[in-house]
Amino acid sequence: MGFRLPTIRRASFSASQAASKSVEVPKGYLAVYVGENQKRFVIPISYLNQPSFQDLLNQAEEEFGYDHPMGGLTIPCSEDEFLHIKSRLNGL
């Protein structure tokens, strides 16, 4: 069981529509959207307990509140900054 984004069923799909179709997130993970292009990352929920990730969550709350236009959690930082934090968290 995981989070599931809603899907829209149509008679025919283009390649980009098929790629944006519902994507499951494994149990114990969550999807976040990062950077100017809103790149999607699937991260372990254990990150939620880490102070550096909690700082990102506080920034997200200040900027977006709890209304996230992507249907998931939007993190207001660059992809490079997020990847740096993610690599540090993976080393724990």
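Predicted model: local features only at pLDDT ≥ 70, side-chain atom pairs only at ≥ 80, totals over all residues.
Student: From the N terminus on, in what order do the elements of the protein chain run?
Tutor: Residues are numbered from 1 along each chain as its sequence is written, and side-chain values use heavy atoms, without hydrogens and water. The protein chain has three helices and three strands, taken as DSSP runs (H or I, at least four residues, for helices; E, at least two, for strands) and numbered from the N terminus. Their order is α-β-β-α-β-α.

Student: Which strands stand at the edges of the sheet?
Tutor: The sheet is open and mixed, with the strands in the order S2-S1-S3; two strands pair if DSSP finds at least two bridges between them. Each edge strand has a single partner, so one side of it lacks a neighbour in the sheet. The edge strands are S2 (39–44) and S3 (73–75).

Student: Which residue in S2 does Val34 stand opposite?
Tutor: Strand S1 (residues 29–34) runs antiparallel to S2, and six bridges join the two. Opposite Val34 stands Lys39.

Student: At about what angle does helix H3 run to S2?
Tutor: Angles run from 0 to 180 degrees between N-to-C directions, with axes fitted to C-alpha atoms, for helices over the stretch in contact (heavy atoms within 4.5 Å). Helix H2 (residues 51–64) lies across S1, S2 and S3, at about 100 degrees to S3. Helix H3 (residues 79–90) lies across S1 and S2, and its angle to S2 is about 15 degrees.

Student: Are H2 and H3 roughly parallel or antiparallel to each other?
Tutor: Ser52, Phe53 and Leu56 in H2 meet residues in H3, including Phe82, Ile85 and Leu89. The two axes come within 10 Å and cross at roughly 150 degrees. Angles under 35 degrees count as roughly parallel, over 145 as roughly antiparallel, 65 to 115 as roughly perpendicular and the rest as oblique. H2 and H3 are therefore roughly antiparallel.
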